[in-house]
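Let's take a walk through a protein model together. Keep the picture open while you read, and find each part as we come to it.

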Amino acid sequence: MKTVVDITTLLAQDLKSRYAVKDLLLYIENTGADAVVIDFSNVKFATRSFIDEYYNVIMKELSAKIEVDTINVPEDIQMIFDSVAKTQNKTKDIKLDATVVKCETFADLKKVFTTFIL
């Protein structure tokens, strides 16, 4: 069974909140559909945080369980989708170089703090 969802009817024309994506997810899961088409044709505005959450929750996680198609995305909002997509697959190269200093007294702690360069 394929379900078509006009996102503006369910949420709003202005998509601003990450929490709204959770509402959309619950709605889709409760339909029991094995495929869903999400129509953005009446969307006027969407924040990057909404699109980021939509991308991660709907397009990645939910699409692993059911077929998800996003259609009629306005050009300006598609630009946000494209921007978000570019940031999703980057591996983060985080190097931690930390030294643990044991301080037994406040004077020891003060000595450590005086070595910090501000």
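Below we look at the sheet, the core, the salt bridges and a surface patch.

## Before we start

This is a predicted model, so to speak of a local feature we need pLDDT of at least 70, and side-chain atom pairs count only at pLDDT 80 or more, while totals for chains, interfaces and linings use all residues. Residues are numbered from 1 along each chain as its sequence is written, and side-chain values use heavy atoms, with hydrogens and water left out.

## The sheet

Start with the open sheet: three strands, in the order β1-β3-β5, with parallel pairing. At the edges sit β1 (2–6) and β5 (67–71), each of which pairs on one side only. From one strand to the next, the twist averages 15°. (Angles run from 0 to 180 degrees between N-to-C directions, and the axes are lines fitted to C-alpha atoms, for helices over the stretch in contact.)

Strands here are DSSP runs of E with at least two residues, helices are runs of H or I with at least four, and both are numbered from the N terminus. Two strands pair if DSSP finds at least two bridges between them. Strand β3 (residues 35–39) is joined to β5 by five bridges, and the two run parallel. If you'd like one to look for, Ile-38 has Thr-70 in β5 as its bridge partner.

## The core

Which residues touch the most other members of the largest nonpolar core? They are Ile-7, Ile-38, Phe-40, Phe-50, Tyr-54 and Ile-58, out of 26 residues in that core. A nonpolar core is a set of buried Ala, Val, Leu, Ile, Met, Phe, Trp, Tyr and Cys residues joined through side-chain atoms within 4.5 Å.

Two or more residues come from each of α2, β3, α3 and α4 (75–88). Helix α3 gives the largest share, six residues.

## Salt bridges

Side chains of opposite charge can pair when their charged atoms come close. A salt bridge is a side-chain nitrogen of Lys or Arg within 4 Å of a carboxyl oxygen of Asp or Glu, and the whole structure has four of them. In one, Arg-18 and Asp-52 meet at 3.2 Å, N to O. Arg-18 is in helix α2 (residues 18–31) and Asp-52 in helix α3 (residues 48–61), so this pair ties together parts 34 residues apart in sequence. Buried means under 20% relative accessible area, exposed over 50%, and partly exposed in between (1.4 Å probe, protein chains only). Asp-52 is buried because its value is 14%, while Arg-18, at 35%, is partly exposed.

Glu-53 and Lys-22 form another, with their closest N and O atoms 2.5 Å apart. Glu-29 and Lys-65 also meet, at 3.7 Å, N to O. Glu-29 lies in helix α2 and Lys-65 in the loop between α3 and β5, so the pair ties together parts 36 residues apart. Salt bridges that share partners join Arg-18, Lys-22, Asp-52 and Glu-53 into one network.

## A patch on the surface

Finally, look for Phe-106, Leu-109, Phe-113 and Phe-116, which form a nonpolar surface patch with about 450 Å² of accessible area together. Patches are made of residues with over 30% relative accessible area and no salt bridge, joining like charges within 9 Å and nonpolar side chains (Val, Leu, Ile, Met, Phe, Trp, Tyr) within 5 Å. Accessible areas come from the Shrake-Rupley method with a 1.4 Å probe, and for residues only the protein chains shown count as cover.

Phe-116 sits in the segment after α5 (106–114). With 48% relative accessibility, Phe-116 counts as partly exposed.
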